[in-house]
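This report goes through selected contacts and secondary-structure elements of one model. The sequence and structure come first.

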Amino acid sequence: MALRLVADFDLGKDVLPWLRAQRAVSEASGAGSGSADVLENDYESLRVLNVERNGNIIYTYKDDKGNVVFGLYDCQTRQNELLYTFEKDLQVFSCSVNSERTLLAASLVQSTKEGKRNELQPGSKCLTLLLEIHPVNNVKVLKAVDSYIWVQFLYPHVESHPLPENRLLLISEEKYIEQFRIHVAQEDGNRVVIKNSGHLPRDRIAEDFVWAQWDMSEQRLYYIDLKKSRSILKCIQFYADESYNLMFEVPLDISLSNSGFKLVNFGCDYHEDRDKFSKHLTLCVFTNHTGSLCVCYSPKCASWEQITYSVFYIHKGHSKTFTTSLENVGSHVTKGITFLNLDYYVAVYLPGHFFHLLNVQHPDLICHNLFLTGNNEMIDMLPHCPLQSLSGSLVLDCCSGKLYRALLSQSSLLQLLQNTRLDCEKMAALHCALYCGQGAQFLEGQIIQWISENVSACHSFDLIQEFIIASSYWSVYSETSNMDKLLPHSSVLTWNTVLSFKGYWEKLNSNLEYVKYAKPHFHYNNSVVRREWHNLISEEKTGKRRSTAYVRNILDNAVKVISNLEARNLGPRLTPLLQEEDSHQRLLMGLLDLICHIVETSWRKHNLHSWVLHFNSRGSAAEFAVFHIMTRILEATNSLFLPLPPGFHTLHTILGVHCLPLHNLLHCIDSGVLLLTETAVIRLMKDLDNTEKNEKLKFSIIVRLPPLIGQKICRLWDHPMSSNIISRNHVTRLLQNYKKQPRNSMIDKSSFSVEFLPLNYFIEILTDIESSNQALYPFEGRDNVDAEFVEEAALKHTTMLLGL
């Protein structure tokens, strides 16, 4: 399945054995009843009540006397602790404990069973208590009303020392939220008591709201109030210094006027009518550390034939609404739609029907979303019970009493990548797999292996290109929060903030400020890289360079990049990359390791060795396969203007000479598919002898080289054709600035061995120019070409043309 639920806590495994051990001790001391039936009754009444910010889990059960027992499971020590026993037969529906475990707040309701009703106070059905538990001492009644009350202690982010004041939120069904400030003092050692328990200071936090959600991890309260029938989402941030701020107000295009009263993550909501659960609205807020803020909403469902849900990407300034028709509607739908927070993704699923994975960071790229229907086996394995999404990808199943950690399954996503027919699902699976793998080399190796065998599997996008982009992004996303500012955004029309904040709020505000002023169609643009690329290629061909310091600085950085790549490579690398001077590639150093990994995988798969670098054999099927892969890599990187590892073009060209007929090889060179490097051409000139076929190849290569490299290569090839090229280039360079001067001397014919006046006159001119240049620039180096060499080359060339 695409989603894995790993159990972090299970009432049946983590609590029940401890209860049995406690019962055994009680029986041994003669204090217990010893009845197995009683123990089973204990388990039936065992329920999770709340999960606190530090991960501790509060649960409750009833003992054999019907007393309410509160217990705590410490997620760090994996130990259970008895907190409190309330000696009345009441039903607990809300509970919270402070971080020091000295105070317990609980809301209880009277039993409605015949003969079980305990009168609390006249006219009240809900009793909200504040209990001292170290040691068991005072009990203070906070509320005794005829409506439900939920309780939640605040957990300050600074927990290094106990605070003199505890703060407790009370959320009333009467649509108001209060904060109690509770001062405590230590007496007689570890005894903790409430000071001034007769009058606890309180603040009215919110009122007239219809929905509220508690974020235990970040200590935030979200709630919606109705103003003129508009749904206004508000957020309050609580701080460790006992202060709180209203962080934002944003209107939502939803209607909650007739939706009743709904709370999210204020403990487990057991009092709700189960029959009405599936048709109740679902609304929740999800955030992550990069400053994203999503509101997920599904209205009340009148019919299960069609499901509608919306996601408001507040940090992007827009929303999306999805509608899906359910298959097999005849099967009874007993549970409602579920939203799960998976950090960079939001999962939406209806058990047995569909699973939708939405990319929160790039909601405008619909192809990054994954939608699977009920026919997929990945859906059938997901829980069919209502799940409660907590912070940090935690998921609580209140029915079974299990706490899960929701993770994306790499193996399932890889399987989907390999088996699905749709390009959009391949792209989504690729991104999801790389995200949950976070750049793991083993995962990348599996994907690269599949790409090397299915390089043309996708028709609507370049698979290699998408892999390079996705792998590079997901390998740095957690460390570079500004990566998303290079990607498409929409504008936020209205957003009002007046304060300066840190942490999450600073990043959220930065996202919003960016999209507020960015153009509506702003996208990442590689025009700067493209311009720099073309400039460097042009300079390489003409021999012109920028300042020495500029080039040296870039090349020094390239050396560092290459050394880091080689240091990260754990095993021996077979591919002869990163081992030569490839100047324009080194000047645009970038995403090299991925490309090296792809080539290395192909190299190992086809069992190639270093002899490939020589020209004394023809290409095999394995070499042609690797050549094809490298050509696809080149196509992917060229359109992105991404640099390749030094040595890539040399290896690519050598494989091309091995595998391609001459006319195809020259066509690839002329079209830019093969780039002639100095290293490759020098090796070609040295390895190949001067047979007629090889001479044709060498000459075809030389005439396609940039002038500076071509002149150097010609001097390495001892051949009349090479001499002809050298002499032509030399004469061209000498005559470029030649100006005719009056001549006062006669030609000394005795110095020449050929009675051919035009050639004699031309050689004299070249001799004079060389003499003049030597006089003007006596310290400039000579290029080992003079008039006599030109004369000799001209005569040989003429002889060849005349067939003499």
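## Aromatic contacts

One aromatic cluster is formed by Phe 93, Tyr 148, Trp 150, Phe 209, Tyr 223 and Phe 261. The model is a predicted one, and a search of the whole structure gives 18 aromatic pairs.

A charged side chain also meets a ring: Arg 204 lies over the face of Tyr 176, 4.4 Å from the ring centre.

## An open sheet and its cross-strand pair

Four strands make up an open sheet in the order E1-E30-E29-E28, and their pairing is antiparallel. Strand E1 (3-10) and strand E28 (388-389) are the edge strands, each pairing on one side only. Strand E30 (residues 402-408) runs antiparallel to E1 and is joined to it by 7 bridges. Leu 3 has Leu 408 in E30 as its bridge partner.

A salt bridge connects the side chains of Arg 405 and Asp 8, at 3.0 Å from N to O. This pair links distant parts of the chain, since Arg 405 is in strand E30 and Asp 8 in strand E1, 397 residues apart. Arg 405 counts as partly exposed because its relative accessibility is 32%. Asp 8, with a relative accessible area of 23%, is partly exposed.

## Other salt bridges

The count of salt bridges comes to 15. One of them is between the side chains of Glu 165 and Arg 181, with an N to O distance of 3.8 Å. Glu 165 is buried, at 6% relative accessible area, whereas Arg 181 is partly exposed at 24%.

Glu 249 and Lys 234 form another salt bridge, in which the closest N and O atoms are 4.0 Å apart. Because Glu 249 belongs to strand E18 (residues 244-252) and Lys 234 to strand E17 (residues 230-238), the pair ties together parts that are 15 residues apart in sequence. Glu 249 is partly exposed, with a relative accessible area of 43%, while Lys 234 is buried at 8%. Salt bridges with shared partners also join Lys 143, Glu 178, Arg 202, Arg 204 and Glu 207 into one network.

## Helix H5

Helix H5 (residues 423-437) contains 15 residues. From its first C-alpha to its last, H5 reaches 21 Å, close to the 21 Å expected at 1.5 Å a residue. H5 is mostly covered, with 14 of its 15 residues buried.

How values were computed. Residues numbered from 1 in each chain as written. Predicted model: local features only at pLDDT ≥ 70, side-chain atom pairs only at ≥ 80, totals over all residues. Heavy atoms only, no water. Phe/Tyr/Trp six-rings, centres within 6.5 Å; stacked < 30°, edge-to-face > 60°. Lys NZ or Arg CZ within 6 Å of the ring centre and 35° of its normal. Helix = DSSP H or I, 4+ residues; strand = E, 2+ residues; numbered from the N terminus. Expected span 1.5 Å × (residues − 1). Buried < 20%, exposed > 50% of the residue type's maximum accessible area, 1.4 Å probe, protein only. Pairing = 2+ DSSP bridges.
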